[in-house]
Amino acid sequence: MLAAFESYNYEQLHEVLVQLYATVPYTIQIGEEKYYQTIFYLVLKMIGADIIVEQPTNIGRIDAVIQTKDTCFIIEFKINATASVALEQIKIKKYYQPYQSSGKKIVLVGIAFNTTIKNVSEVEFVELN
């Protein structure tokens with residue numbers, strides 16, 4: 001998963017996420033955004049990613065921020081909504097602003113989860129800079 005982020009291989013990232021959530025038995029699933037966010041965070045943290053969740057800003061909280069050597073990924077999760085809605089929230093609340101002076105490429109990531117399929121339904125990316 002981290003390699004997919006670092007190589008900007010968004011199709012692979014989507015596939016890896018779908019495979020990851022497909023391995024979770026339905027008997028322990030919870031239909032809430034924080035459930036999906038927690039799994040995402042723990043997996044990335046365990047593989048050594050520089051990840052922060054619930055990062056406060058001046059007007060909201062970023063669901064997740066992953067930083068690599070060259071890139072800052074600003075991630076918003078949505079449950080039973082679209083990845084476009086997640087991206088729109090990042091743009092409206094300007095979650096990327098604190099990272100603009102980092103000199104890193106900024107990539108906005110919207111990840112949508114669907115409680116009917118109990119998995120990732122969409123992943124969309126917008127590269128800034």
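Predicted model: local features only at pLDDT ≥ 70, side-chain atom pairs only at ≥ 80, totals over all residues.
Strand β1 (residues 50–56) and β2 run antiparallel and are joined by 6 bridges. Together β1 and β2 make a hairpin, with 4 residues between them. Zoom out and you get an open sheet of 5 strands, ordered β1-β2-β3-β4-β5, with mixed pairing. At its edges sit β1 and β5, each of which pairs on one side only. From one strand to the next, the twist averages 25°.

Further along the sheet, β3 and β4 pair in the parallel sense, over 9 bridges. One example from this stretch is C72, whose bridge partner in β4 is I106.

**Helices on the sheet**

| Helix | Strands touched | Angle between directions |
|---|---|---|
| α3 | β1, β2, β3, β4 and β5 | about 145° with β1 |
| α4 | β3, β4 and β5 | about 140° with β4 |

**How α2 and α3 meet**

Helix α3 also packs against α2, at an angle of about 110° and with the axes 12 Å apart. How are these two helices oriented to each other, roughly parallel or roughly perpendicular? At that angle, α2 and α3 are therefore roughly perpendicular. The crossing in which α2 passes α3 is right-handed. On the α2 side, the contact is made by L17, L20 and Y21, while α3 brings Y36, I39, F40 and V43.

**The cores**

Which residues have the most contacts inside the largest nonpolar core? They are F5, L17, Y21, F40, I75 and I111, in a core of 29 residues. The elements giving two or more residues to this core are α1 (2–6), α2 (10–22), α3 (33–46), β2 (61–67), β3 (71–79), β4 and β5 (119–127). There is also a second, separate core of 11 residues, which includes C72, Y96, Y99 and L108. As a general point, nonpolar side chains in soluble globular proteins tend to be buried together.

Leaving aside neighbours within four places in sequence, F40 is in contact with M1, F5, L17, Y21, I51, A64, I66, I75, F77 and I111.

K78 has its place in strand β3. Is K78 buried or exposed? K78 counts as buried because its relative accessible area is 17%, and the cut-off for buried is under 20%. Leaving aside neighbours within four places in sequence, K78 is in contact with E33, V85, A86, Q89, I111, A112 and F113.

K94 is found in a loop, the one between α4 (83–92) and β4 (105–114). K94 is partly exposed, because its relative accessible area is 39%, which lies between the 20% and 50% cut-offs. In sequence, K94 and N58 are 36 residues apart; in space, their C-alpha atoms are 9.5 Å apart.

Notes: Residues numbered from 1 in each chain as written. Heavy atoms only, no water. Buried < 20%, exposed > 50% of the residue type's maximum accessible area, 1.4 Å probe, protein only. Core = buried A, V, L, I, M, F, W, Y, C linked by side-chain atoms within 4.5 Å. Contact = heavy atoms within 4.5 Å. Pairing = 2+ DSSP bridges. Axes fitted to C-alpha atoms, helices over the stretch in contact; angles between N-to-C directions. Parallel < 35°, antiparallel > 145°, perpendicular 65-115°, else oblique. Left-handed = near helix turned anticlockwise from the far one by under 90°.
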